[in-house]
Amino acid sequence: MDVEQVGAGTAAGPPESTESQESHEASEGTAPLASDLRVAVARITRRLRQSHAVGDVSLSGMSVLARLAADGPDSPGSLAELERVRPQAMAATLAALEQRGLVLRSPHAVDRRRSVVAVTAAGRDMLAARRTESVRRLADAIAEFTPREQRTLAAALPLLDRLAERL
């Protein structure tokens with residue numbers, strides 16, 4: 001009888017395959033990296049957010065504005081799904097944006113019971129100003145890095161984008 005068969009059928013169940021064991025070990029090995037990455041990204045986000053004035057558009061509001069500016073008008077339900085938030089949270093975000101004149105809600109062309117939200121010129125201006133400020137702050141900080149560190153950071157960007165898509 002071979003070694004794999006000895007463990008088969010015991011109270012512990014069949015032995016794990018080598019592939020699933022390796023996958024489990026790899027995921028345990030990536031936990032410290034994941035924790036460090038979470039902390040670093042949170043610190044960057046918090047510091048960028050702190051640079052904006054009190055009463056400024058929220059991070060979720062800016063995300064919605066950016067999505068509408070890039071992808072065009074969309075329904076509140078679809079936006080909630082894309083932003084991975086509950087419809088109630090999206091409704092509150094859209095209400096705040098609409099109150100400030102940054103988005104405009106209009107009836108759906110086919111189903112008048114539904115609405116479509118689009119970014120306004122004021123919303124585009126807000127988005128551009130906020131991006132400019134954030135980019136300037138990031139660029140100033142990155143300028144203090146060595147050229148090699150800057151290349152390393154640039155090389156990591158495709159991986160960070162891929163990571164964001166998988167979350």
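**Figure 1. Helix 3 packs against helix 5 in this predicted model.** Here helix 3 (residues 59-71) and helix 5 (residues 87-99) pack at an angle of about 80 degrees, and their axes lie 10 Å apart. Helix 3 is therefore roughly perpendicular to helix 5 (65 to 115 degrees). Helices are DSSP runs of H or I with at least four residues, numbered from the N terminus; axes are fitted to C-alpha atoms over the stretch in contact, with angles from 0 to 180 degrees between N-to-C directions. Look for S60, G61, V64 and L65 on the helix 3 side, meeting M90, T93, L94 and L97 of helix 5 (heavy atoms within 4.5 Å). This contact of helix 3 with helix 5 has five nonpolar, three polar and no charged residues (Ala, Val, Leu, Ile, Met, Phe, Trp, Tyr, Cys and Pro count as nonpolar, Asp, Glu, Lys and Arg as charged, and the others, Gly among them, as polar). Residue numbers run from 1 along each chain as its sequence is written, and side-chain values use heavy atoms, leaving out hydrogens and water. Local features need pLDDT of at least 70 and side-chain atom pairs count only at pLDDT 80 or more, while totals for chains, interfaces and linings use all residues.

**Figure 2. Helix 3 also packs against helix 6.** Helix 6 spans residues 121-143, and helix 3 packs with helix 6 at an angle of about 115 degrees, their axes 10 Å apart. That makes helix 3 roughly perpendicular to helix 6. From helix 3, M62, L65, A66 and A69 meet G123, R124, M126, L127, R130 and R131 in helix 6. Six nonpolar, one polar and three charged residues make up this contact of helix 3 with helix 6.

**Figure 3. A look into the largest pocket.** The largest pocket holds about 2,000 Å³ of space (the space filled by probe spheres set on its grid points). A pocket is an open set of points on a 1 Å grid, where a 1.4 Å probe fits, with protein on both sides within 12 Å along at least five of seven lines; lining residues have an atom within 4 Å of a point. Of its 36 lining residues, V41, I44, T45, L48 and L138 lie nearest the centre. Helix 7 (147-166) is among the helices supplying at least two lining residues, and helix 7 gives the most, with ten. The lining divides into 22 nonpolar, six polar and eight charged residues.

**Figure 4. The second largest pocket.** This pocket has a volume of about 220 Å³. Its lining is formed by S63, R67, L82, E83, R84, A164, E165 and L167. Three are nonpolar, one is polar and four are charged.

Definitions and conventions:
Angles under 35 degrees count as roughly parallel, over 145 as roughly antiparallel, 65 to 115 as roughly perpendicular and the rest as oblique.
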